[in-house]
Amino acid sequence: MTSYINHPLIKENSIESRLYQQILAGDVLKKGNTMVVAPTALGKTIVAILVAADRLYKVKNSKVLILAPSKPLAIQHEASFKEFLNLPCTSITGAVKTDERVTRWEESRIICATPQTVESDLLNGRYDLSSVSLIVFDECHHGVGSYSYVYLASRYVQESKFNLILGLTASPGSDKSKIKEVCQNLYIQNIVVKTEDDTDVRPYFNPVEIEWVRIKMSEALEKIKTNLDKALKIRLKALKNMGVINTVSVNKVDILNARGRIQGEIARTTNPNKDLFQAISILSAVINIQHAQELIETQGVATFNKYVARLRKKKTKAAKSLMWDDNFGRAVTLAKEAEKHGWEHPKLRELTKILKKELGSGDGQTKLQSKRFTDNDDDASSKIIVFTQYRDTLEMIHKKLEKEGIKSAKFFGQAAKDGEKGLTQKQQKAIIKSFRMGEYDVLLSTSVAEEGIDIPAVDLVILYEPVPSEVRMIQRRGRTGRKRTGRVKVLITNGTRDEGYYWASINKESRMKNQLIDPDVLEELNQSAVQRMEGEKKVKVLERPKQENDFPVVYADSREGNSKVIRHLTEMEMDVKVRSMAVADYQVSDEVAIERKTTKDFVDSIIDKRLFKQARELSEEFKKPLMILEGDDLYAGMVNANAIRGSIASIALDFGISIIPTRNAQDTAAMIKRIAIREQNGEQSPVQIRTDKKPVSLLEQQLFIVESLPNIGPVNAKNLLEHFGTVAGIINASEKELQEVEGIGKKTAENIRKVVDSKYLYFQKEIKEKRLL
């Protein structure tokens, strides 16, 4: 007879009594901040619900915050907590308006949310974490780097009167340093590992059978690969002769490291040797070829051909050199012929064969349909998921299955790619619903369905290719075996990267498990977390004076919300006010505003010509404009160092903007604080924030028109206007007259005349169409 958990806040007969879940919950409540590592479908959410019920019952009027990395997962948690607990529960995501989010926070005891939304609300002072008695970090392996989990954990430890942290994950990673980072960032003091082999778990766990499906590469693909190998070998030999690499037996990581070294050497040299730029070009070509090899070995000719088409559009020397290369050219020709004749990767044929067998008809019904009609569980969508890394491969598989009469749905992310729009969350939800209701037999998915999507029990997961990440392999595998025995089939092409990637994931998973049960490792992680916890508690946010106007004020643009600078400012006893600002990223007085640029953004803004436009607006709006240049790798990219130096000189001399270097986001925050203290001098005068730009003057309009001409920047535009007096004078000037202006050479003059004199192409097209009519 089934027994159920009895608790004042848990709905009667709703949670089955499982000893291992109760022990896990008890460990969290007894030992403090804990990471629970357990396979998908083992009931980690139930553990969180048990801990939450205890905290909400014992800590009167407190709240529980459940954080999940995506909106669908947050909403899924909301449904689970509403199903089992007798307390007001809500969700807070970016889709909810700010006023409504505040209302939901105040009126609910259980809040399921996305971390970015909560971080934004905290930074804007909409609510705080002082009343939160438990915070749950779902998929807590995300708690690294600048991810919002890191800031929220720090803020929680400082603000909450009675904090407890619970991290949930199926896979924290195999790298000891990453596990340590997660534990440090989330203040984890205790790690509990549960596996399907544990005796108390085994009765509730459905085993997952994994089958390798060995596939031999076709002759057509072998020929393509042979030509790619030749193209690669020539370039690797060249790099070895140049002293860039020591051996031609290198992998992708080796090449990326070599490129980093060369870029660093270029950055450190005032006048870099031309050989260094040649080496960078060759290294870029090698990276392109290695990716092409991977596509041929693991994906197919259709995916390879789409990649080549994108490569052909690039204007870089590396891309052009490949298009001119005989070996690479032969590979491209062979791939086109193969696609024309339908000679795809053997994986596609094998995949189709497996799906036909699994969905084989019987009395008008497929096997899985028949199964669905006879099973008595609530989940009526036991089907098949096929995972693949690339959207191009997804499209190829979808077309093939459509021809074979197999109903499949494409499921991918929200980002647009090559002109194709991504799926909105609403569209994703509709596809999953259709899949659940039986409109599709197969869900074809990229990595987006690995985590954070509420996909029901699936009988079979097919991996079109293995991935070298143990985290992703565990997540993919976890999509089956929830209601009954699960199955996974992994398609592996013999003698290719497929084999290496599969073994890499297996070894990393094994290493992860060994580290998580190693007493020495656990002790080290525990000590590290305790030390950081003590350090955080020394400065309690709640101990600050209530009158925040005692602190220096800094206004931050709302677009800076995702930067770590605002986080650090809030930790430095600063009164941070987030506003929508028309000009600058930070403002500390009526006269002083600061534009913050990372080194990457600075270089990018040179390329897309944002830099000087922003500099002009900053200098015109404020009496004392400043620009912070953050980072120490300014010259590490592909842009010529002299172009970067010239831009810095122009910012300082032409626009009168002082440039302040900082090392990182924390250093930037410290610098902004120091500027604010100096500018405000202990006084709290109201600051007039620039929410709108000044009206565009006649001079600005003239400069804007002239700067739109080819190769004309702010300095040349000013010189042209001063020389000719009017915009019309520039437009009507001959090439010879244009060249009389300082900074305008023959080529620039030719390009200007070409733009001015050429007929409008649309007009020409319209005339041709009328003639045809």
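## Leu134 and its surroundings

Leu134 touches Ala48, Val51, Ala52, Arg55, Lys63, Val64, Leu65, Tyr156, Leu164 and Leu166, leaving aside residues up to four places away in sequence. Touching, or contact, means heavy atoms within 4.5 Å. Leu134 sits in strand 5, residues 132-138. Strands (E, at least two residues) and helices (H or I, at least four) are DSSP runs numbered from the N terminus. Leu134 is buried, at 0% relative accessible area. The cut-offs are under 20% for buried and over 50% for exposed, with partly exposed in between (1.4 Å probe, protein chains only). Leu65 lies 69 residues from Leu134 along the chain, yet their C-alpha atoms are separated by 6.4 Å.

## Basis of the model

This is a predicted model, in which local features need pLDDT of at least 70 and side-chain atom pairs count only at pLDDT 80 or more, while totals for chains, interfaces and linings use all residues. Residues are numbered from 1 along each chain as its sequence is written, and side-chain values use heavy atoms, with hydrogens and water left out.

## Overall build

The protein has 31 helices and 21 strands. Of its 773 residues, 51% are buried. Among contacts with a separation of 6 or more, 72% join residues 24 or more positions apart.

The largest nonpolar core has 53 residues. Such a core is a set of buried Ala, Val, Leu, Ile, Met, Phe, Trp, Tyr and Cys residues joined through side-chain atoms within 4.5 Å. Leu65, Leu67, Phe137, Leu569, Tyr586 and Ile672 have the most contacts inside it. Helix 6 (residues 148-159) gives the most to this core, with 6 residues.

## Helix 1 on helix 2

The axes of helix 1 (residues 19-31) and helix 2 come within 9 Å and cross at roughly 50 degrees. Axes are lines fitted to C-alpha atoms, for helices over the stretch in contact, and angles run from 0 to 180 degrees between N-to-C directions. Helix 1 is therefore oblique to helix 2. The classes are roughly parallel under 35 degrees, roughly antiparallel over 145, roughly perpendicular from 65 to 115, and oblique for the rest.

The crossing of helix 1 and helix 2 is right-handed. Right-handed means that the near helix is turned clockwise from the far one by less than a right angle; anticlockwise is left-handed. On the helix 1 side, Gln21, Gln22, Leu24, Ala25, Val28 and Leu29 take part; they meet Ile46, Val47, Leu50, Val51, Asp54 and Arg55 of helix 2. This contact divides into 8 nonpolar, 2 polar and 2 charged residues. Here Ala, Val, Leu, Ile, Met, Phe, Trp, Tyr, Cys and Pro count as nonpolar, Asp, Glu, Lys and Arg as charged, and the others, Gly among them, as polar.

## Helix 10 and its two partners

Helix 9 (residues 252-268) packs on helix 10 (residues 274-298) at about 160 degrees, with axes 10 Å apart. The two are therefore roughly antiparallel. Helix 9 passes helix 10 in a left-handed crossing. Helix 9 brings Lys252, Ile255, Leu256, Ala258, Arg259, Ile262, Gln263, Glu265 and Ile266; helix 10 brings Leu276, Phe277, Ile280, Leu283, Ser284, Val286, Ile287, Gln290 and Glu294. By class, the contact of helix 9 with helix 10 has 11 nonpolar, 3 polar and 4 charged residues.

Helix 12 (residues 317-324) comes within 8 Å of helix 10, axis to axis, and crosses at roughly 60 degrees. That makes helix 10 oblique to helix 12. This crossing is right-handed. Ser281, Ser284, Ala285, Asn288 and Ile289 of helix 10 contact Lys317, Ala318, Ser321 and Leu322 of helix 12. The residues of the contact of helix 10 with helix 12 split into 4 nonpolar, 4 polar and 1 charged.

Ser171 lies in the loop between strand 6 (165-169) and helix 7 (176-185). Ser171 is buried, at 0% relative accessibility. Not counting residues up to four places away in sequence, Ser171 touches His141, Val471, Ile474, Gln475 and Met512.

Leu123 belongs to helix 5, residues 115-123. At 5% relative accessibility, Leu123 counts as buried. The C-alpha atoms of Leu123 and Arg567 are separated by 7.6 Å, across 444 residues of chain.

## Positive phi in loops

Most residues other than glycine have a negative phi. Asn61 has a positive phi, near 60 degrees. Asn61 is in the loop between helix 2 (44-58) and strand 2 (63-67). Asn61 is exposed, with a relative accessible area of 69%.

Lys609 also has a positive phi, about 65 degrees. Its loop runs between helix 22 (599-607) and helix 23 (611-621). Lys609 counts as exposed, at 54% relative accessibility.
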